[in-house]
Amino acid sequence: MRDLLRGTRRFLSGLKPVKVPDAPARAFRDLWPGDAARGAKLLRGEFEWLGTTRRLDPVSGDPAEGWDAASGPVIWRAAAHGFAWLRDLRALGTDPARMRARDLAEDWLLRGAQEPLAQAPEVAAARVSAWLGHWDFFANTAEDGFRRKLLVRLAQDARGVVAALPAEAMHRGALVTLKGAIAAAVALEEESWMQRALRFLPGELERQFHPDGGHVERSPAQLLLALQDLIEIRNLLHGAGINAPPLLATVLERAGQALRLFRHGDGGLAHFNGTREDGAALVDLVLTQGQARGRAPLLLEETGFHRLQAGRTVVIADAGPPPPGRAKDGPSGLPRGADRTSHAGTLAFEMSVGRDRLVVNCGAAPAAESEWRDALRASAAHSTLVLADTNSSELREEGLGRRPERVEADRHEANGAQWLEASHDGWRKPFGALHRRRLYLAETGDDLRGEDTLEVSEGGAPLPGFVLRFHLHPAVVASLQQDESAVLLRLPSGQGWRLRAKGARVGIEDSVHLGAEARRTSQILLQAEAGEDTIQWAISRVGAGEAPTG
């Protein structure tokens with residue numbers, strides 16, 4: 001740490017005043033598609049981010065409709081200050097959209113630029129990348145005075161971003177900071193900035209990505225975004241004629257393969273740790289740009305996720321420990337730990353059949369107010385066991401507190417059938433209990449069987465009640481059989497499945513699913529019978545000639 005501080009001081013003392021050009025030295029275009037519907041909302045003065053919509057209006061002048069702490073949760077405000085929403089206005093492709101982009105940038109320079117959050121390295125770096133990637137859209141044909149103000153501010157931000165390397169954040173924000181530094185070095189032709197960024201890039205790649213290609217945050221959504229960052233960094237270096245570190249190509253390949261593990265039959269990503277519904281088209285584009293080839297792996301050993309696949313059935317299970325955290329947020333209020341997106345969903349799973357999702361987790365609302373956000377982070381919002389209405393990990397604003405210290409998993413295959421045995425000790429401290437989950441997928445894919453057991457340490461108190469939750473996709477129709485021993489499930493394809501259980505009372509309750517939008521759905525509850533410590537269950541396709549209703 002002392003060496004890093006000395007190096008940073010030497011770098012800062014050696015910085016010369018940045019020459020601000022009349023235009024970026026090299027033009028590059030943001031690679032990723034925007035959302036025209038979100039762009040239309042911006043024209044109405046509303047900014048939507050991760051399902052949360054709040055006012056962002058350069059006309060009103062009301063602080064609650066702008067950039068300061070009164071305007072919304074820190075994650076939402078960070079996205080507003082980061083300017084990635086320029087993609088959504090560009091997707092509209094109209095002159096009013098272009099003018100709204102300029103108006104919002106002018107308003108930010110006037111009212112938002114001095115906000116502490118705006119100056120956080122990962123936020124400033126995101127803004128630098130967004131401005132440069134959309135320069136042709138909103139700045140290239142603007143008046144000279146506007147362009148000059150943008151470039152002066154961009155140079156100031158970039159200088160701070162480069163000086164902040166290596167970033168303190170343990171999560172993807174550190175990769176965003178590096179990407180912004182490289183983009184600024186290319187655009188402003190600052191060789192010393194590029195040298196500094198390239199010095200820290202290999203170490204950050206090793207810190208951000210596990211050897212299996214999974215991302216340190218254990219979130220499919222963050223892995224997708226991190227893969228986009230890697231592609232942009234590769235393209236920036238290639239466009240500037242700079243040889244990228246060999247590790248970059250290796251990590252790109254591994255990360256692309258890891259992303260495939262999280263894809264359901266519809267092409268979208270499973271809902272773990274802050275992941276919402278990203279369209280299959282974006283995932284396809286990122287995999288194409290990343291040149292990731294091959295089939296989905298069945299195991300990310302270091303990251304801790306498993307994929308069981310047979311016939312047309314896919315099961316994706318979280319069987320790894322939560323990522324490390326940090327004791328405190330950064331001075332900007334942004335979380336710094338890799339557990340910033342973590343949910344209390346250890347040993348949860350999702351299941352799809354063909355293009356139909358069957359069992360899911362509830363999703364996420366990372367940019368919402370804390371009560372709604374944490375409700376979706378809770379164990380009860382996941383398809384797993386819940387003991388005494390207590391989360392398997394303690395939810396905190398900055399990440400997780402108490403969490404499973406030991407998560408173990410073992411898998412086997414024989415004649416096309418697959419077994420996964422996993423356990424976690426997240427309830428050891430409050431209850432002295434260990435949760436074991438066994439999953440078995442038959443070689444045809446038509447039969448998924450499970451067994452969930454709570455093991456109490458010797459001398460431990462009797463267990464309070466526990467339940468298993470199976471949240472269903474909104475397109476699935478569930479009906480309880482007359483004897484209440486099983487639930488019949490109809491998929492959109494018309495195919496019928498049945499969930500039955502032993503050692504538990506079976507019931508159906510309301511639930512919610514946050515994909516592209518919030519939708520009502522159902523969940524199956526298996527309530528352990530008195531004195532039982534094990535529930536056995538099965539989800540099986542209704543046989544030929546057997547009606548899927550009853």
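User: Taking two strands as paired if DSSP finds at least two bridges between them, which residue in β15 stands opposite V359?
Analyst: V359 stands opposite L472 in β15, where strands are DSSP runs of E of at least two residues and helices are runs of H or I of at least four residues, both numbered from the N terminus. This is a predicted model, in which local features need pLDDT of at least 70 and side-chain atom pairs count only at pLDDT 80 or more, while totals for chains, interfaces and linings use all residues. Residues are numbered from 1 along each chain as its sequence is written, and side-chain values use heavy atoms, with hydrogens and water left out.

User: How many bridges hold β7 to β15, and in what sense do they pair?
Analyst: Two bridges link β7 with β15 (residues 466–472), and the pairing is antiparallel. β7 also runs antiparallel to β6 (residues 349–353), to which three bridges join it, and within that pair the partner of V353 is D356.

User: What sits in the turn between β6 and β7?
Analyst: The two strands form a hairpin with two residues between them, and G354 in the turn has a positive phi of about 60 degrees.

User: Is β7 largely enclosed or left open?
Analyst: Five of the five residues of β7 (residues 356–360) are buried, so the strand is largely enclosed by the rest of the structure; buried here means under 20% relative accessible area, exposed means over 50%, and partly exposed lies in between (1.4 Å probe, protein chains only).

User: Switching to R336, buried or exposed?
Analyst: R336, in the loop between β5 (313–318) and β6, counts as buried at 18% relative accessibility.

User: What does the R336 side chain touch?
Analyst: The R336 side chain makes a polar contact with the side chain of E168, at 2.3 Å. Such a contact is a pair of N or O atoms within 3.5 Å; within protein, one must be able to donate a hydrogen and the other to accept it, and residues adjacent in sequence count only if both atoms are side-chain atoms.

User: And the eight-stranded sheet, which strands are at its edges?
Analyst: The sheet is open and antiparallel, in the order β11-β12-β13-β14-β21-β18-β17-β16. β11 (407–414) and β16 (477–480) stand at the edges, each with a single partner strand, so one side of each is left without a neighbour in the sheet.

User: What joins β16 to β17?
Analyst: Four bridges join β16 to β17 (residues 486–490), running antiparallel, and S479 stands opposite L488 in β17.

Methods
Pairing = 2+ DSSP bridges.
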